Amino acid sequence: MHEPPSDPPSPSGSTSPAGDDVPVTRAAQIRAGLGDSLGVGIGIFPLGIALGVLVVQAGLPWWLSPALAIGVFAGSVELLLVGMLAAATPLITIAVTVFAVNFRHVFYALSFPAQRVRAGLPRAYSIYGMVDEAYATYVLMAPEKLSSARMVSGQLAMQAYWVSGGLVGVAIAAALPEPIEGFEFALVALFVVMTLDALRSRREIPSAVLAGLAVGVALLLFPGQALLAALIMFTAALAVRYVLTKGATNA
């Protein structure tokens with residue numbers, strides 16, 4: 001799909017003459033993408049540090065931190081993977097858990113403006129780098145402000161924050177004389193913050209109730225695999241809720 005033609009460049013060559021801050025030149029688009037990533041980087045970089053520290057304290061090789069940040073790049077699931085790898089969790093359990101945690105990306109793809117990215121390697125990377133932060137940044141942005149260079153440069157910068165944060169975390173953990181007790185709580189704290197943020201909207205209270213029910217049933221019926229069972233049940237419950245809600249809206 002061809003991108004719609006842009007307005008002629010202004011005398012400065014960086015924004016449109018309408019004064020709506022739409023970047024025109026490729027350099028301006030890249031700068032805009034880097035700017036998009038700054039606010040996100042404030043949150044991603046510390047999480048990357050937590051990942052690096054957790055990798056070292058779990059007794060895993062240091063290179064696993066950048067490997068996960070480059071090869072997986074999914075935020076919360078990487079922190080979860082550290083504990084699973086350290087505990088020698090079976091591969092099938094890891095695969096199903098990662099699928100359940102990242103299943104939301106299937107729905108992200110339905111509205112993410114990937115068509116604004118040039119076909120080929122740029123679009124493939126943009127889809128790969130569609131983390132929560134990138135989705136929230138670009139799905140709400142006016143379409144006329146989006147371009148291939150802006151989105152790809154922004155997503156690359158977001159991943160760079162994650163990778164560099166992990167390397168800093170590895171260096172910090174290696175320099176510490178003793179492990180930091182309780183640092184593994186970083187993943188739990190992350191999910192608590194995300195849950196509280198979601199609950200600011202009353203329409204998400206049913207999702208929190210479904211999550212609590214899934215955990216309770218999993219602990220009772222599958223105590224040895226409670227996390228995996230709860231994720232599967234919660235995902236199924238969300239799918240049913242989506243279908244019912246959509247049906248009620250269309251009725």
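Start with the cartoon of the whole protein chain. Its secondary structure comes to 11 helices and 0 strands. Along the sequence, the pattern reads α-α-α-α-α-α-α-α-α-α-α.

This is a predicted model, in which local features need pLDDT of at least 70 and side-chain atom pairs count only at pLDDT 80 or more, while totals for chains, interfaces and linings use all residues. Residues are numbered from 1 along each chain as its sequence is written, and side-chain values use heavy atoms, with hydrogens and water left out.

**The whole chain**

The protein chain exposes about 14,100 Å². Carbon and sulfur atoms supply 71% of that area. The areas come from the Shrake-Rupley method with a 1.4 Å probe; for residues, only the protein chains shown count as cover.

How many of the residues count as buried? Of the 251 residues, 38% do. Buried means under 20% relative accessible area, exposed means over 50%, and partly exposed lies in between (1.4 Å probe, protein chains only).

Now think about contacts, meaning heavy atoms within 4.5 Å. Take those between residues at least 6 apart in sequence: 69% of them join residues at least 24 apart.

**Stop 1: the salt bridge**

Select Arg150 and Asp36. Their side chains meet in a salt bridge, at 2.8 Å from N to O. Arg150 sits in helix α8 (residues 148–175) and Asp36 in helix α1 (residues 26–57). The pair links distant parts of the chain, 114 residues apart. The term asks for a side-chain nitrogen of Lys or Arg within 4 Å of a carboxyl oxygen of Asp or Glu. Side chains of opposite charge can pair when their charged atoms come close. The structure holds 1 salt bridge.

Are the two partners buried or exposed? Arg150 counts as buried, at 8% relative accessibility. Asp36 is buried too, with a relative accessible area of 15%.

**Stop 2**

Show side chains here. Gly33, Asp36, Val40 and Ile44 in α1 meet Glu133, Thr137 and Tyr138 in α7.

**Stop 3: Ala88**

Move to the loop between α3 (76–86) and α4 (91–101), where Ala88 is found. Its phi is near 55°, a positive value in a residue other than glycine. Ala88 is exposed, with a relative accessible area of 62%.

**Stop 4: Thr93**

Step into helix α4 and select Thr93. Thr93 is buried, at 11% relative accessible area. Leaving aside neighbours within four places in sequence, Thr93 is in contact with Met84, Gln225 and Leu228.

**Stop 5: Met233**

Finish in helix α11 (residues 226–250), with Met233. Met233 is partly exposed, with a relative accessible area of 27%. Beyond its neighbours within four places in sequence, Met233 is in contact with Ala214, Val217 and Ala218. Then select Leu213: Met233 and Leu213 are 20 residues apart in sequence and 9.1 Å apart in space, C-alpha to C-alpha.

Notes: Helices (H or I, at least four residues) and strands (E, at least two) are DSSP runs, numbered from the N terminus.
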